[in-house]
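Hi,

Here is the structure I promised to pass on. My notes on it follow below, so please have a look when you get a moment.

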Amino acid sequence: MRPVSPFRPLPPSFYRRPAEAVARGLLGRYLVRDLEGERLVLRLVETEAYLGGPDRASHAWDGRRTPRNESLYLAGGYAYVYFIYGMHFCLNAVTGEAGIGSAVLLRAGEPVEGEEQMVANRAWKRSPRPGDLAGGPGKLCQALRIDRAFDGTLLDRGPLRITAGDPVPEEAVAAGPRIGVDYAGEAAAWPLRFAVRGNRHVSKPWPVAP
DNA sequence: CGGAAGATCCACT
DNA sequence: GTGGATCTTCCGA
């Protein structure tokens with residue numbers, strides 16, 4: 001059997017499943033960004049699932065629907081990009097069928113290609129700490145220069161896409177509560193954050209290694 | 001129409 | 001560990 005190219009895009013059918021399954025399945029995949037004739041590649045190492053209506057931490061909680069989150073209600077396979085804290089963007093992959101509002105937040109990746117350009121994109125007052133190019137959802141978008149222009153675009157084509165990459169086996173996936181959702185009541189504790197076990201590029205230290 | 005909060009990051013103590 | 005930056009979005013009045 002011929003091996004699948006790591007740069008072959010994942011089809012929309014990959015995303016039309018429950019967010020939790022997609023969040024696990026996205027670990028190890030490549031997030032590919034064509035920018036100014038260069039190809040930037042991050043290997044995804046941390047994701048979070050947001051379940052939509054029943055999930056108080058979700059932008060689609062209780063069916064909330066506004067111009068900002070409209071693309072969250074598209075079918076699985078589209079990007080949902082939002083602006084937060086007056087200065088950061090966050091990238092999600094929409095999951096499930098249209099109208100659900102479930103998605104996976106891409107929280108962290110490790111550089112595979114185009115590291116130099118990512119460092120330049122990340123420059124704040126000083127240079128980013130070495131090895132911390134995309135350890136967080138805001139940083140990830142900075143490194144790849146992702147903004148609202150990608151909101152509602154398909155992730156299997158175009159200058160921003162997710163490809164087959166280098167999937168990780170189930171036993172190498174750690175799960176725990178999501179970050180920054182303390183306001184979400186009971187949902188804050190749901191173990192919907194996933195990461196490659198032991199990976200250095202994960203945004204926040206893993207609570208407990210079971 | 002005003003206020004408050006936010007799926008974050010950085011700098012400093 | 002704490003606080004500030006920074007501004008869009010949203011909800012309640």
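Helices (H or I, at least four residues) and strands (E, at least two) are DSSP runs, numbered from the N terminus. This is a predicted model, in which local features need pLDDT of at least 70 and side-chain atom pairs count only at pLDDT 80 or more, while totals for chains, interfaces and linings use all residues. Residues are numbered from 1 along each chain as its sequence is written, chains are lettered from A and ligands numbered from 1 in the order in which they are written, and side-chain values use heavy atoms, with hydrogens and water left out.

Let me begin with the loops. Met 87 sits in the one between strand S3 (79-84) and strand S4 (88-95). Together with Tyr 85 and Trp 124, Met 87 forms a nonpolar surface patch with about 450 Å² of accessible area. Such patches take residues with over 30% relative accessible area and no salt bridge, joining like charges within 9 Å and nonpolar side chains (Val, Leu, Ile, Met, Phe, Trp, Tyr) within 5 Å; the areas come from the Shrake-Rupley method with a 1.4 Å probe, and for residues only the protein chains shown count as cover.

Next, helix H3 (residues 115-122). Its buried residues are Gln 117, Met 118, Asn 121 and Arg 122. They lie on the same side of H3, because they cover an arc of only 135° around the axis (taken from the directions from the helix axis to the C-beta atoms). Glu 116 and Ala 120, on the other side of H3, are exposed. Here buried means under 20% relative accessible area, exposed over 50%, and partly exposed in between (1.4 Å probe, protein chains only). The cover over the buried residues of H3 includes strands S1 (30-35), S2 (38-50) and S5 (102-113), and helix H4 (137-144), with contact meaning heavy atoms within 4.5 Å.

Now the charged pairs. A salt bridge is a side-chain nitrogen of Lys or Arg within 4 Å of a carboxyl oxygen of Asp or Glu, and the count comes to 15. One of them joins Arg 24 and Glu 170 (2.5 Å, N to O). Arg 24 lies in helix H2 (residues 19-26) and Glu 170 in the loop between strand S6 (160-163) and strand S7 (173-176), so this pair ties together parts 146 residues apart in sequence. Another joins Glu 110 and Arg 43 (2.7 Å, N to O). That pair links strand S5 with strand S2, 67 residues apart, and both Glu 110 and Arg 43 are buried. Finally, Glu 46, Glu 48, Arg 107 and Arg 193 are linked in a salt-bridge network.

Best wishes
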